[in-house]
Amino acid sequence: MTYKESLDYLTSLGRFGIKLGLARTQALLHALGDPHELFQGVQVAGTNGKGSVCAMVASILQVAGYRVGLMPKPHLVSYTERIQVDQRPIREADFAALLTEVQPAISNVAAELGPPTEFERAGIDLLVCEVGLGGRLDSTNVLDLGVEVITNIALDHTQHLGSTLEAIAAEKAGILKRDSLAVTAAQPPALAVIEAAARREQIPLLRLGHEVELQALDREWAGVEATVTTPAGSYRDLRVPLLGLHQAENAALAVAAIDGLRSRGWDISDGALRDGLARTRWPGRLEVIDRHPIVLVDGAHNPAGLERSLAAVRTLAKGRQLMIVFGSMKDKDLPAMLSQLRAMAAPVIFSAIDWHRAAAPAELAKQFGEPAEVAASAKEAITRARARVGANGIVFVCGSLYLVGEAIALSRSRRPLPVGNRQ
């Protein structure tokens, strides 16, 4: 199969639908010889911050000299981003060859249980895996990597995970396993659910604000600085280049996860920890993709995540002309997110997104209830916003990772967006 044919094949299996449950994945992996049983590493669940924690942990491990597999979700531009080794996405040709190799096993599993939803295989030392949806029934929960992180708990995907923080926490806590170590930044009432799950599995749980302490400084465009104290020691003045003070919390979780791997015998020096954090890069999360004017993109797609991102943008803008380009999926908490946009008191362009679940820009503008513009594409919205704010302004693209992916693809293309007039 070619790469395009492989993507068409995955789509035909219903890969982009949500099928909670482990039976298909377990059957497929068993047909392939259960390669997942050889993996150790870190599994990361939670509502927000999963990808950032994964990126930090992977960067540290790579600096420590390990060959690191990384499974982030979803992708921004190319499906190959979901399978990375040493932070390099799998080549399209290798992706197609791998799918061709496992296709017979997929067909056999599909005949008995329906099409599977995920598979991975790579020659690596350690695996860092981001949970796709929830935890308990997510296909990644076939993994038993030794260290589990639950970043935080907020309302999202309520149609699948439940309508309360406690119910969502129970689904996320399904990744906790015997003979492992867990880390979380969850707060009450969700924290009590995760604590109970850890007790049932008889595993240690390191909680941010308890066993893990954090002091943080916002260095604005230079990222954040954090001092993290865990039961294993104190790590002072750690630098993380990712923008937004909330990244300090993610860094604390990453540090605690690294301590967990150390306790399991992995050799990771303090220098590798410090250098790895300083080298962390995570596309699509308060990322600057263009300058003059600055185009800043962030994939926050629920109220809790958007609140953090907008707070960071307020700090970064410092009086610059700001315009927001927003798009979202129609199954998200749109009233809450639109209310947050109104509080920014900045002009908004609602953008279409080339995805079947996307909310229509006109409907978003109607719900917004204040003067706003609409655009038929991300390219149109960003081009208009750049011209409006001028070379010294900021265009903030947010609301959906799909919209952010389109913005990044535009930035990478050979047709540069028009540059606003310098002020």
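**Entry 1: overall build.** I took helices (at least four residues) and strands (at least two) as DSSP runs, numbered from the N terminus. This is a predicted model. I counted 14 helices and 17 strands in the protein. Next I looked up the radius of gyration, which is 21 Å. The globule rule gives 22 Å for 423 residues, so the protein is as compact as a globular protein of that length. Along the principal axes, the C-alpha atoms fill a box of roughly 60 × 50 × 40 Å.

**Entry 2: burial and surface.** I asked what share of the residues is buried. It is 56% of the 423 residues. I then checked contacts with a separation of 6 or more: 71% of them come from residues 24 or more positions apart. The accessible surface is about 17,400 Å². Carbon and sulfur atoms hold 50% of that surface. For charge, I noted 45 positive and 46 negative side chains. The centres of the two sets lie 5 Å apart.

**Entry 3: the open sheet.** Strands of a sheet pair through backbone hydrogen bonds, either parallel or antiparallel. I traced an open sheet of eight strands here, with mixed pairing. I wrote down its order as β4-β3-β2-β5-β1-β6-β7-β8. Which strands sit at the edges? They are β4 (88-89) and β8 (205-207), and each pairs on one side only. I followed β8 to its partner, β7 (residues 181-184). The two run parallel and share three bridges. One pair I picked out is A182 with L205, its bridge partner in β8.

Entry 4: I moved on to β9 (residues 213-218) and β10 (residues 224-230). These strands are antiparallel and are joined by six bridges. Q215 stands opposite T227 in β10. β9 and β10 form a hairpin, with five residues between them. In the turn I found E220 with a positive phi of about 55°.

**Entry 5: S328.** I ended on a loop residue. S328 lies in the loop between β14 (322-326) and α11 (334-344). Is S328 buried or exposed? Its relative accessibility is 0%, and buried means under 20%, so S328 counts as buried. I then listed its contacts, leaving aside neighbours within four places in sequence. S328 touches L334, M337, I353, A358, A359, L364, G399 and S400.

Technical notes: Residues numbered from 1 in each chain as written. Predicted model: local features only at pLDDT ≥ 70, side-chain atom pairs only at ≥ 80, totals over all residues. Heavy atoms only, no water. Rg over C-alpha atoms; globule rule 2.2 N^0.38 Å. Buried < 20%, exposed > 50% of the residue type's maximum accessible area, 1.4 Å probe, protein only. Contact = heavy atoms within 4.5 Å. Areas by Shrake-Rupley, 256 points an atom, 1.4 Å probe, with all protein chains shown as cover. Lys, Arg positive; Asp, Glu negative; His and termini not counted. Charge placed at Lys NZ, Arg CZ, Asp CG, Glu CD. Pairing = 2+ DSSP bridges.
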